[in-house]
Amino acid sequence: MDKQILILRGDGIGPEIMDQAIRVLQTIGDTFGHSFHLTDGLIGGAAIDEAGTPLPEATIEKAKSSDAVLLGAVGGPKWDQNPSDLRPERGLLGIRKALDLYANLRPVKGFKTLTDASPLKREVIEGSDLLIVRELTGGLYFGRPSERREDGHVVVDTLHYTKTEMTRIIKKAFESAQLRSKKLTSVDKANVLESSKMWREIVEEESKNYPDVTVEHVLVDACAMKLITSPTAFDTIVTENMFGDILSDEASVLTGSLGMLPSASLSESGVGLYEPAHGSAPDIAGENIANPIAMILSTAMMLRHSFHLDAEATAIECAVEQAINNGYHTKDLQVSIGTCLSTTDMTNQIIKHI
Ligand code: NAI
Ligand code: MG
């Protein structure tokens, strides 16, 4: 198989973890006989420095002509005081919108040997394995108006969704649930929000098309609590943009480190974007201690979702699991046993098992 991949290293630890993902990808290419053609592009702070904008037009063009995009992370203190249109994070929102990446899939899986690394009790998190399906291009983060009024004494943000936008993410979630344990939890605030009432109606309507999937509705506040008191009660969770943002960060606690969580952002037919759930970790950048696993597992998601290379994706996921089960981990995972490795040595351990 011959594929074009756009590589957006970004800022902070972005370049370091991307180098590791590329090594893993090359191993997969060599082992399974595929050619992955990599092209570099600019995004975030690096793009601001080189091109004067967080998302150069050339990056969007390259993304659209690629088969998939791999992204490290963006941002850092260097650009924190910039005006809002010259903030690295603008590049992220921009590329999500430009590629219409409406579906964000975030798998959260706790590893047995790492349960120590979570502040939650072992018996609570053991066996947790869930998927959060988050709407990514609508809702409060994109609704207009979003502004201060009356000399700054009034403020308004807009939660805007069309039925089409809700339906496509809900369908995606049903399809994802079908590939897992066929249980879907729809999260909303239907006791208060009109948008959530419509969301719930659409979930009910769509559930008729997926009779094999069991559906439950949970209010977002209750879900936030249940996620850390009984995470194994969940399998696939679907929710709108802001609720998904918050719940997926909360769920990361189950794995012991943000550095373990991959994500996929998908469009209806076009190119998908794959990135770790964490940010650019400027506090540890350049030290070769960052956890490369979120980036490596994101690469596995690319193989599965964009290229339909299931065996190859599984090979990476199993290799990660074996390296962890052999007691290897990076510094972000506070575990009492095992061996703490650098970014590159952790990757070596993973590559050994592919
Ligand atoms: P962060 O996720 O970068 O870091 C939070 C904490 O987790 C830090 O202590 C960091 O060292 C640690 N951490 C994160 N990823 C790690 C990894 N792979 N290995 C080891 N430790 C890791 O979030 P923070 O500090 O709030 O933001 C830093 C910058 O990243 C900011 O400029 C922020 O805007 C940006 N950001 C970018 C995102 C993206 O590119 N998707 C998402 C979130 C934040
Ligand atoms: Mg977040």
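Reader: What makes Leu-297 count as buried?

Author: Good place to begin, and please keep in mind that this is a predicted model. Leu-297 has 27 C-beta neighbours inside 10 Å. The cut-off for buried is 20 or more, so Leu-297 counts as buried. Leu-297 sits in helix H10, which covers residues 293-305.

Reader: Which residues does Leu-297 touch, leaving out those up to four places away in sequence?

Author: Those are Pro-262, Glu-317 and Val-320. A contact needs C-beta atoms within 7 Å. As for Gly-91, 206 residues away along the chain, its C-alpha atom is separated from that of Leu-297 by 22 Å.

Reader: Now to a helix. How do you know that the length of H6 is close to what is expected?

Author: Helix H6 runs over residues 163-178, 16 residues in total. From first C-alpha to last, H6 reaches 22 Å, and at 1.5 Å a residue the expected value is 22 Å.

Reader: Which residues of H6 are buried, and what puts them on the same side of the helix?

Author: The buried ones are Met-166, Ile-169, Ile-170, Ala-173, Phe-174, Ser-176 and Ala-177. Because they cover an arc of only 160 degrees around the axis, they lie on the same side of H6. Their packing partners are strands E4 (103-109), E5 (129-135), E8 (183-188) and E10 (236-239), together with helix H7 (194-207).

Reader: Why is strand E7 called hardly covered?

Author: E7 spans residues 154-158, and the count of buried residues among these 5 residues is 0.

Reader: What makes E6 and E7 a pair?

Author: Pairing asks for at least two bridges. Strand E6 (residues 143-149) and E7 have 4 bridges, in the antiparallel sense, so they pass. Arg-149 stands opposite Val-154 in E7. The two strands form a hairpin with 4 residues between them, and Glu-150 in the turn has a positive phi of about 50 degrees.

Terms used
Residues are numbered from 1 along each chain as its sequence is written. Chains are lettered from A and ligands numbered from 1 in the order in which they are written. This is a predicted model: local features need pLDDT of at least 70, side-chain atom pairs count only at pLDDT 80 or more; totals for chains, interfaces and linings use all residues. The expected span of a helix is 1.5 Å times one less than its number of residues. A residue is buried if 20 or more other C-beta atoms lie within 10 Å of its own, exposed if 12 or fewer, and partly exposed in between; C-beta atoms are placed from the backbone. The arc is that of the directions from the helix axis to the C-beta atoms. Two residues are in contact if their C-beta atoms, placed from the backbone, lie within 7 Å.
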